[in-house]
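Please look at the sequence and the model below.

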Amino acid sequence: MPQHSLDFEKPIDLLREKIDALRHMRDDAGINIADEIRRLEDRCHELMRHTFKHLSAWQITQLARHPMRPHASDYIKAMFTDFDELHGDRAFKDDRAILAGLARLDGKPVMVVGQEKGRETKGRIAHNFGMPHPEGYRRALRLFKLAERYQIPVITIIDTPGAYPSIDAEARGQSEAIARNLLEMAQLRTPIICAVIGEGCSGGALGIGVGDHTMMMQYAYYATISPEGCASILWKSSSKAQEAAATMGITAEVLLQRGLIDSIVEEPLGGAHRDPQLAASFLKTALLTQLRPLKQKTPDQLVADRYQRLVKIGRERE
């Protein structure tokens with residue numbers, strides 16, 4: 001069974017193990033068991049289809065955090081060409097929780113700004129588990145303004161458990177850096193598309209999350225606080241995280257219904273971690289589809305439409 005198999009994935013992975021064992025027997029002994037393999041494959045596909053069609057909000061949260069889920073760096077490699085990373089905020093330091101630079105999407109220049117969690121222990125520490133410092137947000141803002149100067153579309157890739165909450169980060173103006181990005185992105189005179197690929201949590205996500213179109217991967221989540229954080233506040237115990245996830249409305253389907261996001265990007269059956277290349281192709285297609293009409297608008301139209309989109313968020317309908 002895979003090392004990072006989630007509880008609800010285990011029956012599927014057990015079936016896959018049986019299929020692999022049967023294939024090994026056929027190869028070694030020359031026994032023709034193709035019919036049995038085909039039957040088990042059909043059963044596995046049906047089990048996956050049923051399981052992932054009825055996921056709870058907590059199970060989706062687990063998928064969004066899956067250790068093998070594609071990160072910003074994986075999507076950048078798969079979707080873009082000529083990526084040239086740009087470093088530093090020109091004030092304090094280079095924050096590796098932010099991965100950003102110029103690239104080409106389908107041959108056209110774009111500015112890509114993403115939050116990178118890193119792989120394995122060393123990578124996660126180096127990227128601070130995808131939790132940016134204020135320098136990361138100031139670096140992002142510097143590149144947003146550079147994109148605006150040359151009329152290059154901006155694509156942000158959101159995947160963070162939140163901005164880094166250390167005393168040093170607060171002392172260097174964490175809240176101000178995020179607030180400044182909200183203001184500047186709302187007024188940026190070039191197209192902005194925001195894609196939530198995993199965790200989209202708190203102001204850490206919003207710091208690069210204001211734009212003309214917000215899309216979410218099918219098994220991502222987007223919230224003002226993590227389910228554990230919400231449970232700790234409401235019930236004084238993080239053990240109520242499942243209950244919190246169910247009541248918070250953090251999944252792509254719920255957020256689309258409430259008008260808080262604009263579209264959902266389908267994932268391969270079983271989640272993006274089971275086929276990262278296919279997941280990247282789905283996201284690339286969605287980005288290209290949304291970029292075309294935005295690039296036809298004048299800067300004044302972009303800002304005006306973005307303002308109207310933002311002020312509608314949170315309104316209750318009678």
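A residue is called buried when its relative accessible area is under 20%, exposed when that area is over 50%, and partly exposed in between. The model examined here is predicted. With a relative accessible area of 60%, D7 is therefore exposed. Its salt-bridge partner is K10, and the closest N and O atoms of the two lie 3.3 Å apart. K10 has a relative accessible area of 33%, so this residue is partly exposed.

A second salt bridge joins the side chains of E9 and R274, with 3.1 Å from N to O. This pair connects distant parts of the chain, as 265 residues separate the two. E9 belongs to the segment before α1 (10-29), whereas R274 sits in the loop between β8 (263-265) and α13 (276-295). E9 is buried, because its relative accessible area is 1%, while R274 counts as partly exposed at 27%.

Which residue forms a salt bridge with K117? The partner is E199, and the distance from N to O is 2.7 Å. Here too, distant parts of the chain are linked: K117 lies in the loop between β3 (108-115) and α5 (120-126), and E199 in strand β5 (residues 192-201), 82 residues apart. K117 has a relative accessibility of 11% and so counts as buried. E199, at 7%, is buried as well.

Salt bridges can also share partners, as they do in one network that joins R138, K145, E148, E176, R180 and E184. The count for the model comes to 25 salt bridges.

Conventions. Residues are numbered from 1 along each chain as its sequence is written. This is a predicted model: local features need pLDDT of at least 70, side-chain atom pairs count only at pLDDT 80 or more; totals for chains, interfaces and linings use all residues. Side-chain values use heavy atoms; hydrogens and water are left out. A salt bridge is a side-chain nitrogen of Lys or Arg within 4 Å of a carboxyl oxygen of Asp or Glu. Buried means under 20% relative accessible area, exposed over 50%, partly exposed in between (1.4 Å probe, protein chains only). Helices (H or I, at least four residues) and strands (E, at least two) are DSSP runs, numbered from the N terminus.
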